[in-house]
Amino acid sequence: RSYARHDPDPAELRWPFKSVCATALLVFRVDEGGIFEFVDLHAGAGDDEAALVRDLFDRLRMLPDATVVTWGGLNLDLPVLKMAAMRHHLRLPPQLVHNARRFGQRCHLDLVAEYKAGGQKFIHLSELTSTLRLPTKFAGLASYVPRLLAEGKLRQLADIALADAVSTALVLQSHLEIHSELTSATAAQIITLRDVARRRPEAPYADYLRRVERRLVEEAMNEAEAFIASAA
C-alpha cells in the first residue's frame, strides 16, 4: 500500500516484495582426482524469515571454501536473500557478495548463465533435467508454496526447496563431468539419489528417487557390459 501510494505509476509487485519462506542446501565434494563424496543435505521452512536466512548464512560460513551453485540465482535468489539481509541487518556470507572470487575463481556459479544460448531467454531447470532424464519438481510445484505456508505444512514446503537443490546438484554433476572435473556424473547422481532417499525415508518421493537410482545403475551396468563385449 505504501508503494502504491508513493509511486504514481506502480509496477506489479516484484522481487523486492518477496520474502524467504524456505531454504535448502545440498553439499558435496569432488577431490582433485575427480572422485565424488556426498557431504550434507539441509532444508528448512517457516514464516520466520530472519531465522531461516540467518541459518542459511551460518551454514555457508561454515563452508568457507565452498562454491555456491544455483539455477537462476543471480536473477532471483540472490536479490531476494540480499533484501532479506537488509531487512534483518544480517551480514552476507562471502559466497553471496557480488562478484566474489577466491583465488580468481567465482564463489557463486549460476548455471543458467552457463546454458543460455545467444539471444534466447533463460531456460528452466526442468528443461535440462527432462532432457537428461533426471528428477525434477518431485516434491511439488512452486505454486503450492503460499497454500502450504498458510496451512503450516512446513515439511512439504521445505521439500519443494530441497527438490530444486537436488535437481540443481544432479545437473551440476553432469556439468562438472563434461568439464573434466568429475570422473563420473552417473556415479555421483546414483550416490546423491541414494543419500537423499536415505535421509528422507518417510518422504512420499523417496521411492521415486530409488527407482531413478536403480534405472541409472542398470543403465551403467549395461553400458559397462557392452563396452567389455566390444573389447573382447
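By class, how many nonpolar, polar and charged residues does the lining of the second largest pocket have? Nine are nonpolar, four polar and three charged, where Ala, Val, Leu, Ile, Met, Phe, Trp, Tyr, Cys and Pro count as nonpolar, Asp, Glu, Lys and Arg as charged, and the others, Gly among them, as polar.

Before we go on, please note that this is a predicted model, in which local features need pLDDT of at least 70, side-chain atom pairs count only at pLDDT 80 or more, and totals for chains, interfaces and linings use all residues. Residues are numbered from 1 along each chain as its sequence is written, and side-chain values use heavy atoms, leaving out hydrogens and water.

R29 is partly exposed, at 44% relative accessibility; buried means under 20% relative accessible area, exposed over 50%, and partly exposed in between (1.4 Å probe, protein chains only). Beyond its neighbours within four places in sequence, R29 is in contact with I35, F36, E37 and V39, contact meaning heavy atoms within 4.5 Å. Eleven residues along the chain from R29 is D40, and the C-alpha atoms of the two are 9.8 Å apart.

Finally, take a look at the cysteines. C21 is buried, with a relative accessible area of 15%, and C107 is buried too, at 5% relative accessibility. Searching the whole structure for disulfides (pairs of cysteine sulfur atoms within 2.5 Å) turns up zero.
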